[in-house]
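I am opening a notebook on a structure I have not looked at before. I will write down each thing as I look it up.

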Amino acid sequence: MEIVRDPQTRTGSDAVDVRASAQPTDRLEVSRKGPPVVSLKGLSKHYGENVVLDKVDLDVSAGEVVAMVGPSGAGKSTLLRCINLLEVPDAGTVTVGDQCVDAGKEVSAKDAMRLRRTAGMVFQSFNLFPHLTVLRNVSLAQERVLGRSRAEADARSMELLERVHLAHKADTYPARSSGGQQQRIAIARALAMDPQVMLFDEPTSALDPEVGLEVLAVMRELAESGMTMIVVTHEIPFARDVSDRVVVMADGGIIEQGEPHQVINNPQHERSQRFLRAVTER
Amino acid sequence: MEHVSAVLLGVPYTLLVTVVALAIGAVLGLPLALARRSPLAVLNVPARVVIDVLRGIPPVVWLFIIFFGIGNQFVTLDPIQAGSLGLGLISAAYLAEIYRSGLGAVHSGQWEASSALGLSRTDSMVRVVGPQAFRVALPAASTYAIGLLKDSSVVSAIGVADIVFQATGDSRATGAALAPFLVAAAIYILLGTPLAIASRRMDSRLRMRVAR
Ligand SMILES: Nc1ncnc2c1ncn2[C@@H]1O[C@H](COP(=O)(O)OP(=O)(O)O)[C@@H](O)[C@H]1O
Ligand SMILES: [Mg+2]
């Protein structure tokens, strides 16, 4: 598969078991090997008086899975949206792959578009295109942005739909699929652009808990395959078992980060303690 | 019965003026709607003024201005041209507002998902948002079209030989006060009904395909 970048450490389909038994420390070492795929420096954003991001720094290595948690209003969505320039930051730099954008300078539409397709985005509300079939949903941007032929794009789309176990839905409209299926289609659609990093903004928050599990399973497989991921989530088991690092955000900044078990079981910051207690003890 | 054949002579003119005006309105309404939605004041303010002025003056007054004013002094316009142009411009204003509300009804997440995939603004509009806005706008646009079929009768005032023009002429010629207008009424109903049925069909078909 194309997106496997680190085949020695992330094996194929049997990796689920490997991961479950692996020591967290191994994973940290592995993930720290790669060069940063996403690098944020002094990232700031405000809406009027409201400072939503205050000089945030964050580096994410190739193949690393970062789980981002924190109370509502902390600025998690804004952070993700700044990474693919859905929001233009007021200050700081955003680097994704070899694309660097400096908030101080004018960002051309072309640079913004190039950076955007380097980062795949999955939204809480799926945002599939309701007027297109599932296959067209996944193929459209491949044709328009990557310049693939329709046949090439459709072939790649079918591969990805198989990977999220939804090839049989290819010729139906999204409305015919459940929420969990729609979110898996949205993941396939984002993967179709061959992104260097996948950004997930509370991908399971709009779903029933059971349906959310099938989406988390797909995300776990994606993590096994070596994809670099930043996942904003309240799913603590996912953060603990799948991520390499947990980042806690509050009030526009990163207040704590580290090895998942450490941060989740023994948070140091008072604000993280309060938040994590609230999500784990319900 | 002689009333029927007299009034029927107006049908081609009514249809011609309606169709041409709708075509003009459908095309010109689009840039007007896009300008109206633009965040740039240099675009949205003039667009708003144009729309308000077009809709704020009675159609018959527009037709007189265009036919007697512009039509005599700058270019020569026959009544059919003046009528189609006048109703076309007015339609552009109404259709612009219909398009605009269609575009506004498309969830902002559709723009975001398109941008996040790297689609250009034009591609996002043409491939993603436009088709959905079209579906939303279709019922209102077809209601407008059916309305225009009737309201196009205003062109009889500048001498287009449409259904109402023929009925008026026939009434004068024969002295029958009521019959020619009842015939005209029946013809409008007969013309409008299939349009209404077709638009309802098209709407439910689109709805079925992309039901949420
Ligand atoms: N487009 C916007 N305009 C104004 N305020 C916004 C906008 N988007 C987000 N905010 C504000 O920014 C803050 C952080 O929002 P968000 O990034 O969505 O937080 P989170 O995802 O952590 O819940 C909130 O106070 C929110 O009200
Ligand atoms: Mg959020």
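**Entry 1: a surface patch on chain B**

I started with the surface and found a nonpolar patch of about 440 Å², made by Val61(B), Ile65(B), Ile70(B), Phe74(B) and Val75(B). I note here that the model is a predicted one. I picked out Ile65(B) and placed it in helix H4 of chain B, residues 59–73.

**Entry 2: chain B as a whole**

Next I looked at the secondary structure of chain B. I found nine helices and zero strands. Read along the sequence, the pattern is α-α-α-α-α-α-α-α-α. I then looked up the span of the C-alpha trace of chain B along its principal axes, and it is about 70 × 45 × 20 Å. Chain B has 212 residues, and 45% of them are buried.

**Entry 3: ligand 1 and chain A**

I moved on to the ligand. Which residues surround ligand 1? My list reads Tyr47(A), Asn50(A), Val52(A), Pro71(A), Ser72(A), Gly73(A), Ala74(A), Gly75(A), Lys76(A), Ser77(A) and Thr78(A). Sorted by class, this shell has four nonpolar, six polar and one charged residues.

I checked which elements supply the shell. Strand S2 (50–61) and helix H3 (76–83) of chain A each give at least two residues. H3(A) gives the most, with three residues.

Then I looked up polar contacts. An oxygen atom of ligand 1 lies 2.7 Å from a polar backbone atom of Gly73(A). For a polar backbone atom of Ala74(A), the distance to a ligand 1 oxygen is 3.2 Å. The side chain of Asn50(A) has an N or O atom 3.4 Å from an oxygen of ligand 1. On its own, ligand 1 has 560 Å² of accessible area, and the protein covers 60% of that.

I stayed with one shell residue, Thr78(A), which sits in helix H3 of chain A. Its relative accessible area is 11%, so Thr78(A) counts as buried. I also compared Thr78(A) with Val52(A): they are 26 residues apart in sequence and 7.5 Å apart in space, C-alpha to C-alpha.

**Entry 4: salt bridges**

How many salt bridges does the structure hold over all chains? I noted 19. I followed Arg136(A) through two of them. Its side chain meets that of Glu143(A) at 3.0 Å, N to O. Both of these residues are buried. Arg136(A) also meets Asp154(A), at 3.6 Å, N to O. Asp154(A) lies in helix H6 (residues 150–163) and Arg136(A) in helix H5 (residues 134–144) of chain A, so this pair ties together parts that are 18 residues apart in sequence. Asp154(A) is buried, as is Arg136(A).

I looked up one further pair: Arg156(A) and Asp194(A) form a salt bridge at 3.1 Å, N to O. Arg156(A) is in helix H6 of chain A and Asp194(A) in the loop between H7 and strand S7 (197–201), 38 residues apart. Arg156(A) is buried at 8% relative accessible area, while Asp194(A) is partly exposed at 27%. Finally, I traced shared partners: salt bridges join Arg136(A), Glu143(A), Arg150(A) and Asp154(A) into one network.

A polar atom of its side chain lies 2.9 Å from the backbone nitrogen of Ser178(A). Gln181(A) is buried, with a relative accessible area of 18%.

Conventions:
Residues numbered from 1 in each chain as written. Chains lettered and ligands numbered in written order. Predicted model: local features only at pLDDT ≥ 70, side-chain atom pairs only at ≥ 80, totals over all residues. Heavy atoms only, no water. Patch = residues over 30% accessible without salt bridge, like charges linked within 9 Å, V, L, I, M, F, W, Y side chains within 5 Å. Areas by Shrake-Rupley, 256 points an atom, 1.4 Å probe, with all protein chains shown as cover. Salt bridge = Lys/Arg side-chain N within 4 Å of Asp/Glu carboxyl O. Helix = DSSP H or I, 4+ residues; strand = E, 2+ residues; numbered from the N terminus. Near = heavy atom within 4 Å. Polar contact = N/O pair within 3.5 Å; in protein donor to acceptor, adjacent residues only side chain to side chain. Nonpolar A, V, L, I, M, F, W, Y, C, P; charged D, E, K, R; others polar. Buried < 20%, exposed > 50% of the residue type's maximum accessible area, 1.4 Å probe, protein only.
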